[in-house]
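Trainee: I have a new model open. Can you walk me through how its parts pack?

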Amino acid sequence: MAHILAIESSCDDTSAAVISNGQISSNCVAGQQIHEQYGGVVPELASRAHHENIIPVVHAALEKAGLSLQQLDAIAVTAGPGLMGSLLVGTSFAKGLALALNKPLLAVNHMHAHIMAHFIDDPKPRFPFLCLTVSGGHTQLVWMRDYFDFEIVGQTIDDAAGEAFDKAAKMLGLPYPGGPLIDKYAATGNPAAFKFTEPNMPGFDYSFSGLKTGILYFLQKKTQENPNFIAENRSDLCASIQATIIRILLHKAEAAMLQYGLTRLAIAGGVSANSGLRKALAHLAESRGWELFVPEFQYCTDNAGMIAMAAHLQYEKGMFAKQSLVPDPRLPLSAAHEV
Ligand code: KG4
Ligand code: ZN
């Protein structure tokens, strides 16, 4: 039985998890509230908080799994993409621990791990499937042929879907991260109250920067006419913005599913926690007769459980990293198995 400790510190969550023979036995996350007041993640503050949180989080994960450091067979860590300062805290810690325990090191690609989260619980998708990965930093449509055999068929050329949610929320005066708050207000709003222009992108690529500008100009105009416009229409604005982002996401996902003749659709990343998106996807899958896969909530937003799952698959294949590992803030998905 192989026990692997996995560490995730790519952005603003410090997380540690333990996986034993493919079964997650703990997944502990320490979030960072400090960024709320700044309207976004402040990289220096994120690395400092990772420093403070990493040892307690690792201890909690080991304790919950009922294991000691000596019982571990490998140490896994996120090698990128992410914030350099944040990644350095996790990789330095993992490398030090692997060296001290004389255990192998596994370097995991964060975006690959978001997709591998689908293999933690049942029902697991069979290959091939299409994965829509939507997070704060990425928006990708990935054609998964096998665990380590995949192709990005579309991605955003500017902002990520999570960024679109967060930036729109900021314009509405909501704190960071605004995505979950838009979700909450949207529940009582009218999604057809306001219309925002959708981008006209070729192929399966996404673009969200035009929508961001469109919302900004719209709000400027409306608040000039009525200074209380946002406060008076918050739920309708959230519902309309959310519905637009969802339409943009689904339109390309549906087209890619048809183009590649796929029948299994999966969603991953923080934005997959959005209740409107989940509902719309369920509706789309049902009307097309497709199978839909959505990971459990704790494995959607950043967490070490998904890193542990990817690490387990790499361990089985003997895909180990060197002690000379250097994190890469722009690590491409194509290099998921080369780090
Ligand atoms: O995957 P994730 O936790 O971190 C990154 O790798 O970026 O994704 C974070 C993003 C943020 O933009 C956050 O606003 C968004 O996921 N998010 C949501 C919801 N929950 C998290 N967006 C919309 N609705 C939600 N319920
Ligand atoms: Zn993520």
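Mentor: Start with a term: buried area is the accessible area (1.4 Å probe) that two parts lose on being put together, summed over both. This is a predicted model, where local features need pLDDT of at least 70 and side-chain atom pairs count only at pLDDT 80 or more, while totals for chains, interfaces and linings use all residues. Residues are numbered from 1 along each chain as its sequence is written.

Trainee: How much do domain 1 and domain 2 bury between them?

Mentor: About 1700 Å², with 78% of it on carbon and sulfur atoms.

Trainee: Where are the bounds of those domains?

Mentor: Domain 1 is 3-115 + 299-337 and domain 2 is 126-294; such bounds come from an automatic or database domain assignment. The C-alpha centres of the two domains lie 27 Å apart.

Trainee: Which residue counts are in contact there?

Mentor: 21 residues of domain 1 touch 20 residues of domain 2, contact being heavy atoms within 4.5 Å.

Trainee: New topic. At what angle do helix 6 and helix 8 cross?

Mentor: Roughly 160°, and the axes of helix 6 (residues 209-225) and helix 8 (residues 234-259) come within 12 Å. Helices here are DSSP runs (H or I, at least four residues), numbered from the N terminus. Axes are lines fitted to C-alpha atoms over the stretch in contact, and angles run from 0 to 180 degrees between N-to-C directions.

Trainee: So parallel or antiparallel?

Mentor: Helix 6 and helix 8 are therefore roughly antiparallel, the word for angles over 145 degrees.

Trainee: Which residues make the contact?

Mentor: Leu211, Ile215, Phe218 and Leu219 of helix 6 meet Leu237, Ile241, Thr244, Ile245 and Ile248 of helix 8.

Notes
Chains lettered and ligands numbered in written order. Heavy atoms only, no water. Helix = DSSP H or I, 4+ residues; strand = E, 2+ residues; numbered from the N terminus. Parallel < 35°, antiparallel > 145°, perpendicular 65-115°, else oblique.
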